[in-house]
Each structure stands twice: as structure tokens, then as C-alpha cells.
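Please keep the structure in view while reading.

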Amino acid sequence: MEQRTAPEPDDEKAPRRAGADVRRRIPRTDAVLRDPRLLRAARRLGTGQVKSAVHRAQQRAREGAVPPDAVADTAVALLPRSVSGLRPVINATGVVLHTNLGRAPLSAAARQAVREAAGPTDVELDLDSGVRARRGRTVLAALRAAVPAAAAAHLVNNGAAALVLASTALAVGREIVISRGELVEIGDGFRLPDLLVSTGARLREVGTTNRTTAADYAEAIGPETAFVLKVHPSNFRITGFTHAPGVGELAALGVPVVVDIGSGLLAPHPLLPGEPDARTQLTAGAALVTASGDKLLGGPQCGLLLGREDLIGALSRHPLARALRVDKLTLAALEATLTGPATPTAEALGADPARLRHRAERLAARLKADGIDVRAVATSATVGGGGAPGVTLASAALSLPERYAAALRTGPVPVVGRLEAGRCLLDLRAVPAPDDDRLAEAVRSVEGR
Ligand SMILES: *Cc1c(COP(=O)(O)O)cnc(C)c1O
């Protein structure tokens, strides 16, 4: 039997409290749970979530906020949308790799691979022989094929983990030589020098903020040196009176050069000439390259280590490697990213500005016909996510009244735009064309609410 609160005397402070007879008419939990909509929801969301929605609906009825016969409807309305609190959104920010929106969206092929890997898989079993096999062997082979300049490859959970592993396995109690111009903070307080020092390595800083020469490195290198680290300043640019030696010059100094390229480009990108890539760095003499999987590579969050066989061997055999290893879903998504069709990130980067303008004009015309204050405008999009700082990409957007920003964010299909000069801009650069209809629908639904 449901617990019921004792009837309360009429109280001016609780005018909306339902009377005792109304409370008696509130249906019991087990009766509400027999509603077919809630039975279906329980299979999708689990009974705990559904019961919690029913309890909150009953509470609203007790408070007189909804009539007793609306408890089931109210519970349905209170159900969470999905088992996870993560909501899919449309990225209309004009930032291709938005860190707060999970960086790179996965390709359809990568999503499919994740689904297939979600059940039992042969991740560590050779099905032909029936014996244990190397975890991630196929994705590592795909990575090697994508970067022939790398003799070996290893995967960890993210770019930071790649640096931690390199530093721990190669430089504990020794020195990492690094330019003062490359002691960077990536974002949200994540400072690379702090991370490196936390592993027990010492930093030997050389040069100045704007200029560091090969001679500065050469002077600092000695018996204590584990490696020279070059870090790509991936989220800022220093221009003017600057100098940094190339990897080739540093490789000639006789110690391993580790290059943190950050964004994960495996080969040069025609639209991003200033962005370092793994192939070029390794060919120039880098012993190791580290990078993230979910930036310009367009894959899942992971960290790539590419380079010399002896160094990769030392890293992968280090006990810490086990703590940083990636799961099968990541392995699956990364392999599909490397071998499958172009990623959404690549498509967003390569989108033709004329085509974006055409889409914006078409959408604006449709929405204007519905009486919405909207126009198509030319914009500048960015790469974001710690890649290609200073690069702008010609783009197009829908310009809407400012109040749309919050309404779109909190709508049934959340759309995240950006505010510029008192208008809400929905930039199409990172919106896949097939999402245009959903975007239009989301804008229309703001007027209905
Ligand atoms: C993004 C970035 C990192 C950190 O990579 P995560 O995958 O976010 O851990 C490290 N170094 C550089 C240069 C970066 O751009």
C-alpha cells in the first residue's frame, strides 16, 4: 500500500495543497506503472528511472499541481529522454572542433563500428588459431599504413596520456629539454609543463618566449637529457620577431626529438598549411610524434604515439601503458576513421563557402515565409579544438534575434549557435547538410513555445 501523508488542516501557507479526497484519488505506483507507455519506457530506460518519474508525478498531484487522473501523463512527460544524460546537439557555433561539444563528431562508419564492437568481439583473440592475440592489432596496422614514416604505433586514452607515457617511460629522473615558447596551457587550466613535471621528469627550459635557436637546445643537452620536446602552440600564435628551429635541426643534436603535434593530422592538409602533421615531422627526423584522435583526425578521443620501434616498444611495455589503454569501442571507432569514408570534420573543413551560402539562403527563405525574423549572413568560422589557430574559414549563417540562442539550446533538438552583435548566429560550417531540415524545424519550434 502506498504511504499517504495525513490530511492537513486547511492552511493559508499551502493554498495549493490538494484536499484529502483528491489525495486519495492519486493512483498507486504499481497501477501507474502498468501504463503501456511506461512499460515501454522501462524497457528502454530501466525501472528505476520510470519509477522515479512516477513518484515525482504523484508528488505533483499531492501538491495539487496536476489532477490525480493526469499522473500517468505527467510521469510520461517527466521521463528522461535517454539512458544517458548526454544530449545530442547540432553544432551551429561555427567552431568545427568545439571542445564543449565533444570535439570531433564520429563518421557514420565509426558509429557503426562502435555498435558492432559493443558486444563480445575478437579484440584480443585470433579466431583462426583460437589463441590470444595482440589487442588493437588491426587498428595499429591501419595507423601504420596511414603513416608509413612511423615504424611503430601505440594508442592511449588522449593526447595528455601520450605525453605522460612518453615522459614516464623515457624521462623519469632525467631532463626534457623544451623551449620557453612552448610551455603551453591547452585549456581549462591544463598546463602541459605541470603534466610533464608530475611524472617525475625535470624540465630544462631553453630560449625565450618568442625566439629559441638550435644553439640554445645544443647548449642544454647533456648526459641528463632524455629527449627534446617540441610542442605545437595549437591554440595561439606568436607573430613578429620569432624563431624556432625545425625538427630536422634538432634531430641532428643526437638525442630523441618528441613532437607533440596536438591536432592529429597524419599528412599535410592543403587548407591548413601551418598545421604540423605526423608524416612531415617523422620524415624530418622526429623519434616520436604524439597527437589527439578527436581533433583534426576526426576520430574518437584517444592519444596517438607514432615513431621509432625501440621507443614505442619501451612505452607499450611500461606498466603505466596498461592504465592508459583504450577500450574496444575506441579501437573500433579509430579504425573506421582511418580506413572509412571522409570524416564529418574533414567535410566541415573542406565545405565550399558558396555551397554554405546557398544552404543559408534557402533556409532563411523557408523560415522567413513562416514570419520569422531571419536572414542569411556571411561569417567567419574557425577550426577550434586546439588546431589551426588564427585560421578562419569563410562560412554562412542564419542570423536570428538574440533570444533564439537560449530557446534553441534548450529545445527538443538542442542547437548551439553563437552571439554576435546582438544577433544569434547559426553557422552552417559544422552542420552536415542533411541536418538542415532538423535545424529549420528547431528554429520553427521556438515560435511555437
Ligand atoms: C589538445 C592538445 C593536447 C592535449 O590532448 P588531449 O587529447 O586533449 O589530452 C596536448 N598537446 C597539444 C599541442 C594539444 O593541442
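**A loop residue and its contacts**

Leaving aside residues up to four places away in sequence, G411 touches A442, S445 and V446. The model in which this is seen is a predicted one. G411 belongs to the loop that connects α18 (404–409) with β13 (415–416). Is G411 buried, exposed or partly exposed? With 18 other C-beta atoms within 10 Å, G411 is partly exposed, because a buried residue requires 20 or more such atoms and an exposed one has 12 or fewer.

Strand β15 (residues 423–427) is mostly covered, with five of its five residues buried. In a regular strand, side chains alternate between the two faces of the sheet. In β15 both faces are covered: R423, L425 and D427 are buried on one side, and C424 and L426 are buried on the other. β15 has antiparallel pairings with two strands. Strand β12 (residues 392–401) is joined to β15 by five bridges in the antiparallel sense, and S399 stands opposite L425. Strand β14 (residues 418–420) also runs antiparallel to β15, through three bridges, with E420 opposite R423. The hairpin of β14 and β15 has two residues between the strands, and A421 there takes a positive phi near 50°.

Two packed helices are described by the angle between their axes and the distance between the axes. The axes of α8 and α13 come within 9 Å and cross at roughly 100°, so the two helices are roughly perpendicular to each other. Their contact brings L165, A166, A169 and L170 of α8 against L311, A314 and L315 of α13. By class, the residues of this contact are seven nonpolar, no polar and no charged.

The helix α8 leads on to the ligand. Both α8 (159–171) and β8 (257–262) supply at least two residues each to the shell around the ligand. There are 13 residues around the ligand, of which N158, G159, S234, G262 and S292 come nearest. The shell comprises three nonpolar, nine polar and one charged residues.

These regions belong to a protein chain with 19 helices and 15 strands. Taken along the principal axes, its C-alpha atoms fill a box of roughly 85 × 55 × 50 Å. Of its 449 residues, 39% count as buried. Among contacts between residues at least 6 apart in sequence, 75% join residues at least 24 apart.

Methods. Residues numbered from 1 in each chain as written. Predicted model: local features only at pLDDT ≥ 70, side-chain atom pairs only at ≥ 80, totals over all residues. Near = placed C-beta within 6 Å. Helix = DSSP H or I, 4+ residues; strand = E, 2+ residues; numbered from the N terminus. Nonpolar A, V, L, I, M, F, W, Y, C, P; charged D, E, K, R; others polar. Contact = placed C-beta atoms within 7 Å. Axes fitted to C-alpha atoms, helices over the stretch in contact; angles between N-to-C directions. Parallel < 35°, antiparallel > 145°, perpendicular 65-115°, else oblique. Pairing = 2+ DSSP bridges.
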